[in-house]
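Here is a short report on a two-chain model. View the structure first, then read on.

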Amino acid sequence: MSHSVELAQIGMTFGTTRAVSDVSFKVEQGEFFSILGPSGCGKTTILRMIAGFIEPTEGRVLIGGRDMKGLGPNQRPTAMIFQSLALFPLMPVWENIAFGLEARGVGKAERRRKADELLRLIALEGYGDRMPGELSGGQRQRVAIARALAVEPGVLLLDEPLSALDLKLRQHMRAELRALQKRTGVTFIYITHDQSEALAMSDRVAVMSAGLLQQVATPRELYDNPATAFVARFVGETNAISGRISDVQDGRARIDTALGILSGRAGQGARAGQQGTIYIRPEALMPGDPVNALDARIERVDFEGAFALVHGRFADGAALAASVPSTRLADAPAPGAETRFGFAPEHAVVLGDA
Amino acid sequence: MRDLYGRFGPWLSTVFLSLVFIWLAGMVLAPNLMMIDYALRPNLPPAAIGGPDDGYSLNNILYLAGEATHRAIFLKTIWASALVALVTFLVCYPIAFWMAQRATTGQLSVALLLIIIPFFINEVLRTLAWFIILAYRGPLNAVLTNLGLIDAPIRWQGDGGVLAAMVYAYILFMLLPIYNAIESLEKAQIEAARDLGASPWRIHTRVVIPHAKAGIATGFVFTFMLAAGSYVAPALLGSPGSRWFTEIIYNWFFEGGDWNRGAAYALVLLVLCLAVVLITLRIARVNLADVAK
């Protein structure tokens, strides 16, 4: 049986609160799919609807083409990893991992064998008889994953499971999760508010805001071609300059701003004569570049080694964020100075204002 | 101790400590010592007290061991109290679980209010209410007869009546500790268990009850001790066939006029209650300090 997950126009209303509106997307079998959005955007609600903890008030959830309506979380081919992990603190690690098997009536010897096998998979061999409280954060994390994998789910649902870990461990676990997903071939649906996490791990990402789906795309596509202003601002850093779109042709748009006429790729809703905004990535802004010249006053330069983050204000007062490679740093003068930045048109996108 | 002195200064701290000491010595230690003293002496006319017949012995306690009816009532009081605790638990656990995990804030406050309000009334009056409800020509029999569920009124008084009244009287002492314990259980754990395919029964036996063990043990201990030491419910709702050990003790003091034997009986009850409590706590691996919390 295939384990694709399809949401068909699902919506969810809690009392008078509209948590999710008209969301549709399809996650393919074996895909690592992330749902990215700020807290309160409805992403956890969507995950809980897929898991079966709540029924959508509108629309359908299909797993492997089968309508999941009326099926409880225990009847769906999904397993969830909770934000808090929700390990059972009074059971040793191996019983935690084998709990799903115990619920299915598997005998003790077989449960133990399977638990040990999974402990090997997560590189925690010999930890079976410890209690969850005796493990470190990263180890508990892995136990939670093993516990979910023990029931051999077709779809693994992960609710910000890395948010409690420190940065180093989080980065390590990202790679580990990704590898585990490739190895097991299980469909992963991963919830996060951390955009770099979503970009680094996922095959595709759905971006959500205020209960609405903004865009579903590959990480690269999302970064280079944001469909909406929200995606442009939420995914990665950006410099936004508003104006009136004067001309659109051959995929290029020119926009008339207070800082001069700028050109970039024409994105969604870019039509001549309309109000629009041009979004320029920090790494696209180069000091001294003559194309699309923008004057700015430098306020602060944070040297980070490979590159430096330059903060300042454009001539009209809007904030400037540029990330300048160390090799080009000589062109960026000290704080307080006026500098001219420029960017290649293909590294900026013009969107029509909604 | 140093904490106390640090916080309240020497004067106030000394006052606190003396008050606690007076309480312990005067209200707990002295009466119990007196009871032990009484229990071990024979019952003598005033003139003979301090005379040659007056001396310590275990005769009063041995009398209980030799008296078949009293012994039977004593043993019955013990297991019936355990039964009261068990039934109270069965009644309270679902309510406590619902209150702690399912109820909305509004439902919770209404439920708590409904459960606590009856306890504003004196225990004797509450038991009297059961006396009225369970009376032979009382409302319960009337309702059941009219519904056609029974042909003739039932005599509820006796073991059943005593059990009902006690379960009702001690609900709070079982409910609140269990509620507190279950309330601290993270909802995600129940969801995780459900998600992994566990049946409701398994979720409760493997996740909720182990977590709430200390609360359940506390509830059992409270309810058991209160039931074993209860007097009003068996006196009002019991029948001659359902006598409680406390009634026998009462009789020795106030009908038999033998305080010594009464004290001996009370002492035996106290020791046995303590034993049951300690064994329960040992089984549940809970210590007394947790219960006090």
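## Chain B: overall build

In chain B, 70% of the contacts with a separation of 6 or more link residues 24 or more positions apart. The model is predicted. Chain B has 293 residues, and 29% of them count as buried. Its C-alpha atoms fill a box of roughly 75 × 70 × 35 Å along the principal axes.

The secondary structure of chain B comprises 14 helices and 0 strands. From the N terminus on, the order of elements is α-α-α-α-α-α-α-α-α-α-α-α-α-α.

## Helix α7 of chain B

Helix α7(B) covers residues 159–183, a run of 25 residues. At 1.5 Å a residue, the helix should span 36 Å; the end C-alpha atoms lie 34 Å apart, which agrees. The helix also carries a kink of about 50°, centred on Tyr170(B).

## Chain A: the four-stranded sheet

One open sheet in chain A has 4 strands in the order β2-β1-β4-β5, with antiparallel pairing. Its edge strands are β2(A), residues 17–27, and β5(A), residues 66–67; each pairs on one side only.

Strand β1(A) spans residues 5–14 and is joined to β2(A) by 7 bridges, the two running antiparallel. Across this pair, Ile10(A) stands opposite Val23(A) in β2(A). In a regular strand, side chains alternate between the two faces of the sheet.

Strand β16(A), residues 294–303, runs antiparallel to β17(A), residues 307–314, with 7 bridges between them. Asp302(A) has Leu309(A) in β17(A) as its bridge partner. The two strands form a hairpin with 3 residues between them. In that turn, Gly305(A) has a positive phi of about 100°.

Strand β17(A) is also joined by 7 bridges to β18(A), residues 319–325, again antiparallel. Here Val310(A) stands opposite Ala322(A) in β18(A). The hairpin of β17(A) and β18(A) has 4 residues between the strands. Gly317(A) takes a positive phi near 100° in this hairpin.

## Where the chains meet

How values were computed:
Residues are numbered from 1 along each chain as its sequence is written. Chains are lettered from A and ligands numbered from 1 in the order in which they are written. This is a predicted model: local features need pLDDT of at least 70, side-chain atom pairs count only at pLDDT 80 or more; totals for chains, interfaces and linings use all residues. Two strands pair if DSSP finds at least two bridges between them. The expected span of a helix is 1.5 Å times one less than its number of residues. The bend at a residue is the angle between axes fitted to the seven residues ending there and the seven starting there. A residue is buried if 20 or more other C-beta atoms lie within 10 Å of its own, exposed if 12 or fewer, and partly exposed in between; C-beta atoms are placed from the backbone. Two residues are in contact if their C-beta atoms, placed from the backbone, lie within 7 Å.
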